[in-house]
Amino acid sequence: MGAGRPREFDEAAVLDAVAGRFRVRGFADTSTEQLCEAAGVRRSSLYNTFISKNELFVRALERHTTLALQQQEAILTDQRLSGIERLATLFDVVLAEERAAEGNGHAAGCMIVASRMAPDLGARESRVQGLLDRYADVQLALLADAVRAGQLDGTLRKDVAARDAALMVSSAISGLRVLAQSGSGVAELARVADLHLRSLRTVT
């Protein structure tokens with residue numbers, strides 16, 4: 001048997017490119033033409049591999065959540081950083097993404113937040129709901145562990161339950177994404193992030 005026909009594109013690069021488009025515009029407002037343009041591939045090549053826009057979205061969301069959690073794990077488990085520094089670094093990543101996007105004339109968007117705000121996606125495709133639920137569970141566990149580390153090293157308040165603090169940080173990050181989409185600039189987002197951090201920081 002001869003060798004199979006080589007791929008016409010890098011699948012991971014395509015998923016990253018379309019995730020970038022989905023995170024800004026969402027599923028419903030992103031056309032196939034826009035996805036092909038973002039990925040730099042022909043429609044036939046795209047659908048020969050991913051079958052449909054729905055399948056492409058699921059695969060892109062899977063990769064996006066996996067990479068996001070890997071990045072967050074690296075930050076939130078970094079023992080060189082204090083607890084408050086881990087949380088501050090996580091906010092800094094969000095602000096850096098929004099700053100770069102602002103330079104291009106739009107918000108960075110968030111595929112996860114956009115998907116959460118379109119519950120019909122999860123209702124129509126159980127894999128989407130599963131990916132979102134797994135992301136939330138792992139993110140909250142990572143955040144709670146970082147908070148506990150901060151409570152042990154004295155940089156974070158001990159009178160706030162770790163999971164409650166984790167929920168606050170998670171919701172704050174999602175809120176920053178929504179504020180950015182609503183037109184808030186990075187300077188304003190930074191002030192909001194600092195308010196959240198100050199509410200958790202140990203008073204000295």
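A crossing of two helices is right-handed if the near helix is turned clockwise from the far one by less than a right angle, and left-handed if anticlockwise. In this predicted model, the crossing of H1 and H2 is right-handed. H1 covers residues 11–25 and H2 covers residues 32–39; their axes come within 8 Å and cross at roughly 135°. H1 is therefore oblique to H2, since angles over 145 degrees would be needed for roughly antiparallel.

The residues at this crossing can be listed from each side. H1 contributes Val-14, Ala-17, Val-18, Arg-21, Phe-22 and Arg-25, which meet Gln-34, Leu-35, Ala-38 and Ala-39 of H2. Sorted by class, the contact of H1 with H2 holds seven nonpolar residues, one polar residue and two charged residues.

Apart from neighbours within four places in sequence, Ser-82 is in contact with Asp-153 and Thr-155.

Confidence in the model remains to be considered. The average pLDDT of the chain is 91, and 96% of the residues score at least 70. Where pLDDT is low, the predicted coordinates should not be read in detail.

Methods: Residues are numbered from 1 along each chain as its sequence is written. This is a predicted model: local features need pLDDT of at least 70, side-chain atom pairs count only at pLDDT 80 or more; totals for chains, interfaces and linings use all residues. Side-chain values use heavy atoms; hydrogens and water are left out. Axes are lines fitted to C-alpha atoms, for helices over the stretch in contact, and angles run from 0 to 180 degrees between N-to-C directions. Helices (H or I, at least four residues) and strands (E, at least two) are DSSP runs, numbered from the N terminus. Angles under 35 degrees count as roughly parallel, over 145 as roughly antiparallel, 65 to 115 as roughly perpendicular and the rest as oblique. Contact means heavy atoms within 4.5 Å. Ala, Val, Leu, Ile, Met, Phe, Trp, Tyr, Cys and Pro count as nonpolar, Asp, Glu, Lys and Arg as charged, and the others, Gly among them, as polar. pLDDT is the predictor's confidence in each residue, from 0 to 100.
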